[in-house]
Amino acid sequence: MLFTCRSLVGHFLPMVPLAGALAAEGHEVAVASGAVVGAEAGRLGIRHFPAGPDQMSSAEREAVFPEIKELTPEQIRPFFFERVFADYELPLRAADLATVVDDWRPDLLIHEVAELAGPLVATTQNLFYATHSYGVVLGDDGVAAAARGASRHWHEAGLAPHPRAGLWEHLYLDVCPPSLQQTAPPAAPLVQLVRPGQRTPSIRTAQPLVYVTLGTVYARSDVFRAIFDGLAGEPLDAIVTIGNHGDRTALGSLPDNVRVERFVPQQELLPACSAVITHGGAGSMLGALMFGCPILFIPQGADQFTNAERAVDAGAGLRLLPHEVSPDAIRAGLRRLLDDPSFANSAMNISNEIADMPAPQAVVSVLERLVEPRTI
């Protein structure tokens with residue numbers, strides 16, 4: 001079973017529970033991705049094959065795609081799926097991935113939604129594949145954008161361009177709880193829910209603990225500064241993670257109630273948390289809600305605006321758009337989350353919904369039936 005993803009830990013970790021379940025059932029499991037995912041795979045004991053580039057820094061991305069700076073929030077996700085994920089990254093990863101498939105000969109390829117080389121390589125190799133979600137289903141605008149960006153690469157491989165860039169052609173593995181989901185992909189022949197992780201008992205104390213993360217791509221120091229100033233003097237403790245490559249010196253002085261770490265596993269920290277402040281990446285959102293933590297969203301790009309909208313509509317959080325971010329707004333939003341029990345109640349309802357989703361172990365047989373007997 002070969003997993004493939006963009007070289008971001010946040011795109012890899014949602015696939016890890018299923019990879020672990022497959023390995024526990026005796027299947028050989030590996031992941032093909034860049035060096036960042038390779039390091040995380042090594043930590044988790046998962047075999048890694050180098051495939052494709054690592055994520056560009058913000059400065060590198062703006063140098064290659066200077067128009068990014070002018071995009072509105074509504075334009076960001078389609079732009080990335082067409083220009084970055086499909087047209088730019090797909091061919092860089094496809095060459096490596098084709099070599100891995102030739103040499104290792106997997107029976108099934110499992111790619112995440114933003115990794116678009118997998119469907120192309122699997123199709124050229126007559127290989128079954130599954131599309132693994134990492135959050136809310138990609139909307140029609142994103143699908144159309146991905147198809148436009150991937151079109152010439154399918155042509156160059158001697159294939160008719162796929163109308164969805166290959167997405168969910170055989171199976172869609174959906175980790176998004178139904179109350180946050182917009183709709184199932186209408187073109188998917190089979191949709192299988194799979195629980196994104198395992199909830200453990202909460203260990204919250206009287207003094208609220210708040211977890212703050214802006215991920216690794218959108219971790220802007222000015223946004224962190226507004227958060228720190230909003231938390232200063234509040235009757236709570238906060239743990240902030242900035243990623244392994246985050247610059248501590250750029251953050252300036254910290255309030256007494258704030259501690260900064262490069263990385264803390266979410267599953268170790270979230271059971272003790274009363275609320276989360278985040279950019280709204282899918283992994284951060286689902287992680288918080290799995291443990292019943294209400295969320296203050298500060299979306300910056302990608303799918304974060306959609307994630308924030310879905311969680312806010314479900315009553316599990318509040319959202320500050322980029323032009324609304326200030327220390328006072330952050331302080332007021334966090335106080336509302338902590339003082340109004342309706343937010344925590346809604347978050348716990350979603351937590352219970354996630355707990356009721358099929359465990360990864362129950363999904364192994366679905367994948368086994370997909371490839372035995374092979375009928376393509």
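The bend at a residue is the angle between axes fitted to the seven residues ending there and the seven starting there. In this predicted model, local features need pLDDT of at least 70, side-chain atom pairs count only at pLDDT 80 or more, and totals for chains, interfaces and linings use all residues. Residues are numbered from 1 along each chain as its sequence is written, and side-chain values use heavy atoms, with hydrogens and water left out.

**Helix 5**

Helices are DSSP runs of H or I with at least four residues, and strands are E runs of at least two, both numbered from the N terminus. Helix 5 covers residues 73-104. At L90 in this helix there is a kink of about 55°, shortly before the proline P91. Y88 counts as partly exposed because its relative accessibility is 31%; buried means under 20% relative accessible area, exposed over 50%, and partly exposed in between (1.4 Å probe, protein chains only).

**Positive phi values**

Most residues other than glycine have a negative phi. R105, which follows helix 5, has a positive phi near 55°. Two further residues with positive phi, A165 and W168, are in the loop between helix 7 and strand 6.

| Residue | Phi | Relative accessible area |
|---|---|---|
| A165 | near 60° | 1%, buried |
| W168 | near 40° | 3%, buried |
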